[in-house]
Amino acid sequence: MTRDGNYFPGEPDLSLQGEAQVRLHECAAAATRKQFGKKVFVRAVVEISNFCRENCTYCGMRRDNASLHRFRANAEQIAELLLRHRPASVTDINIQAGEDPVAVREVVLPLIRMLRRETALGISVCLGTLTPALYRELREAGASIYIMKFEIGDPARYREFSAPGTLEERLQHIRMLAESGWNVSSGFIAGLPGQTLTDLQQNFAVARSLPLQGCSVSPFIPGDETPLATAAAAEANWTLNSIAALRLMRPDWVIPAVSALNLMEPDGYRHGLAAGANLVTMNLTPGDLREDYVIYQRDRFIMTEERVLKVLATQGFEPSEIGLADYYRGRTDKKTDRQPGVTAAAAA
Ligand code: 5AD
């Protein structure tokens, strides 16, 4: 069931509780161990702009939120931070922003070039839907992983929540990125207001159809200053079962434990790892900027190095010495019969 990826979650799996739920999560954790051993990928995220041209109903950074002080970070300052003050366990950097093409040109591209000149760190970007030319520039600068969440797998619900463009466009961008050599990770939101089990299950059909290397499950957290501010947060069981189901559906995918799991329930992050997640992220955004990077609430749960390492140890995991970008590169090289390292040398 877990080896060939034939598993597809039934609705009952997604709403399991009690003993049966424990068994589902153990099965997923066993699949993770079989594929990745005790190793969990550790990356750092830097949030470099909270300008956003999108207006997703669920997101605190939506353009209609006039109460947010908007910022763009300084590339040199962030590079300095990442080059001099990066915790030793970090192998990869994820550069994240609202959908802000100006920040891509003025901050992200120079930052990637500075990092590429001085380090072998893997570089992921999560920057929204951009032009093919910008994607190419990012790739040429040295990023190799694009995170593009499809958010909501049902086209009507996608529209209803004003997610970026249309679902079809979003999926086309994911396919286009994968075809042009990016390793693509996607993701969806569990527990949006009114979401049924059938809606939740549909996300798995979409994820399964895409050329991905990874996928995340974000629990819906009502965002301050959004039209959904008073809605209920995601049901923890559905969210954690979704992580386990993703793992069983695609044993080889990289599945992050997102920090919002801890806003959903105390210990949510640890439960995410116990249900099959194998990537953790520590937040290195400078404190003064971080305050205005508000997807959910001003009171964020910040994953520091200390918290990340502690939760890994509690679950019997160790930080992976192999970075995410290197891991993917090794897999691509195998598939295409290229020597590992050739692409690394070409990119350096
Ligand atoms: N709850 C959960 N996830 C959210 N995101 C944005 N707002 C919310 C929310 N209220 C996720 C989306 C988006 C990413 C930046 O954060 O998946 O792509």
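## Strands, ligand shell and single residues

Ser162 has a relative accessibility of 36%, so this residue counts as partly exposed. Buried means under 20% relative accessible area, exposed means over 50%, and partly exposed lies in between (1.4 Å probe, protein chains only). This is a predicted model, in which local features need pLDDT of at least 70 and side-chain atom pairs count only at pLDDT 80 or more, while totals for chains, interfaces and linings use all residues. Residues are numbered from 1 along each chain as its sequence is written, and side-chain values use heavy atoms, with hydrogens and water left out.

Ser162 sits in the loop that links helix H6 (155–160) with helix H7 (167–179). Helices (H or I, at least four residues) and strands (E, at least two) are DSSP runs, numbered from the N terminus. Ser162 is not a glycine, yet its phi is positive, about 50°. Glu225 also has a positive phi without being a glycine, here about 60°. The loop between E6 and helix H9 (236–249) holds Glu225. Its relative accessible area is 52%, so Glu225 is exposed.

E2 has parallel partners in E1 and in E3. Two strands pair if DSSP finds at least two bridges between them. Strand E1 (residues 39–49) is joined to E2 by 6 bridges. Arg43 has Asp92 of E2 as its bridge partner. Strand E3 (residues 122–126) is joined to E2 by 5 bridges. Here Asp92 stands opposite Gly122 of E3.

E1, helix H3 (residues 75–84) and E2 form a β-α-β unit that is right-handed. A crossover is right-handed if, with the strands pointing away from the viewer, the path from the first strand over the helix to the second runs clockwise. E2, helix H4 (residues 101–118) and E3 also form a right-handed β-α-β unit.

Asn50 belongs to the loop between E1 and H3. Its relative accessibility is 0%, so Asn50 counts as buried. The Asn50 side chain comes to 3.0 Å from the backbone oxygen of His69. This is a polar contact: a pair of N or O atoms within 3.5 Å; within protein, one must be able to donate a hydrogen and the other to accept it, and residues adjacent in sequence count only if both atoms are side-chain atoms.

Strand E5 runs over residues 183–190. It is largely enclosed by the rest of the structure, because 8 of its 8 residues are buried. On one face, Asn183, Ser185, Gly187 and Ile189 are buried. On the other, Val184, Ser186, Phe188 and Ala190 are buried.

Strand E4 (residues 145–147) runs parallel to E5, with 3 bridges between them. Ile145 stands opposite Asn183 of E5. E5 also pairs with strand E6 (residues 214–219), in the parallel sense, over 6 bridges. Ile189 has Ser218 of E6 as its bridge partner. Between E5 and E6 the chain passes through helix H8 (residues 197–209), and this β-α-β crossover is right-handed.

### The ligand

Ile189 and Ser218 return in the ligand shell. With them stand Tyr58, Cys59, Lys149, Glu151, Pro219, Phe220, Ile221, Ile295 and Tyr296. The shell divides into 8 nonpolar, 1 polar and 2 charged residues. Ala, Val, Leu, Ile, Met, Phe, Trp, Tyr, Cys and Pro count as nonpolar, Asp, Glu, Lys and Arg as charged, and the others, Gly among them, as polar.

| Residue and atom | Ligand atom | Distance |
|---|---|---|
| Tyr58, polar backbone atom | nitrogen | 2.8 Å |
| Glu151, polar side-chain atom | oxygen | 2.4 Å |
| Ile221, backbone N or O atom | nitrogen | 2.6 Å |

Taken alone, the ligand exposes 400 Å², and the protein buries 90% of that. Accessible areas come from the Shrake-Rupley method with a 1.4 Å probe; for residues, only the protein chains shown count as cover.

### Lys34

Helix H2 (residues 18–36) contains Lys34. Its relative accessibility is 62%, so Lys34 counts as exposed. Lys34 and Ala313 are 279 residues apart along the chain, and 18 Å separates their C-alpha atoms.

Note on methods: Near = heavy atom within 4 Å.
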